Amino acid sequence: MTDSLLRFRTDEAHDEPAITLDSFLAGQSNATAVRIEAGDDARALIPHLGQLALIEVSFPAFRDGRGYSAARVLREAGYTGELRAAGDVLVDQLPLMRRCGFDSFAPHAPIDEAVLKASFERYDHAYQGAADSIVPVWKLRHG
């Protein structure tokens, strides 16, 4: 793996069942894993971040980018647990997903290790700030 912080799961390897955000907020508050569906407001979890070990964000279609925003909101609010992108996750999306704060992935389709490595090594610099600590190239140039 190109980054020891990246974890990949298969359907058989989901270690903890995540409950829906609605169930969690409705009182099933002893859960430590929550699944956010497309359209759910991740900000509703902010008061509960300390008790969650896993937040799984659903990507129902590769072109649905709402999960990127959810990840960034959660990381910027201080969430330090496992943040998993699950569903229609494609290899070319993984570098940006990682920058937004995802550290775990459960794609529907398997991802070839060589293609994954090439995807993470493709660009030397980032051009915008994100939830990670990478300094954008414009700031490196202009201070």
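I take a residue as buried when its relative accessible area is under 20%. The model I examined is predicted.

**Entry 1: strand 4.** I looked up residues 54–59 and found that 6 of the 6 are buried, so strand 4 is largely enclosed by the rest of the structure. I then checked its two faces. Leu54, Glu56 and Ser58 are buried on one side, and Ile55, Val57 and Phe59 are buried on the other.

**Entry 2: the neighbours of strand 4.** I noted that strand 3 (residues 33–36) runs parallel to strand 4 and is joined to it by 4 bridges. Strand 5 (residues 82–87) is also parallel to strand 4, with 6 bridges between them. Ser58 has Ala86 of strand 5 as its bridge partner. I followed the chain from strand 4 through helix 2 (residues 66–76) to strand 5 and recorded a right-handed β-α-β crossover.

**Entry 3: Arg35 and Glu56.** I found Arg35 opposite Glu56 of strand 4. The two residues form a salt bridge, with their closest N and O atoms 2.3 Å apart. The pair links distant parts of the chain, as Arg35 in strand 3 and Glu56 in strand 4 are 21 residues apart. Glu56 has 7% relative accessibility, so I count it as buried; Arg35, at 22%, is partly exposed.

**Entry 4: other salt bridges.** I recorded 9 salt bridges in the structure. One of them joins Asp103 and Arg75 at 3.4 Å, N to O. Asp103 lies in the loop between helix 3 and strand 6 and Arg75 in helix 2, so this pair ties together parts 28 residues apart in sequence. Both Asp103 and Arg75 are buried. Finally, I traced one network, in which salt bridges with shared partners join Arg35, Glu37, Glu56, Glu82 and Arg84.

Methods:
Residues are numbered from 1 along each chain as its sequence is written. This is a predicted model: local features need pLDDT of at least 70, side-chain atom pairs count only at pLDDT 80 or more; totals for chains, interfaces and linings use all residues. Side-chain values use heavy atoms; hydrogens and water are left out. Buried means under 20% relative accessible area, exposed over 50%, partly exposed in between (1.4 Å probe, protein chains only). Helices (H or I, at least four residues) and strands (E, at least two) are DSSP runs, numbered from the N terminus. Two strands pair if DSSP finds at least two bridges between them. A crossover is right-handed if, with the strands pointing away from the viewer, the path from the first strand over the helix to the second runs clockwise. A salt bridge is a side-chain nitrogen of Lys or Arg within 4 Å of a carboxyl oxygen of Asp or Glu.
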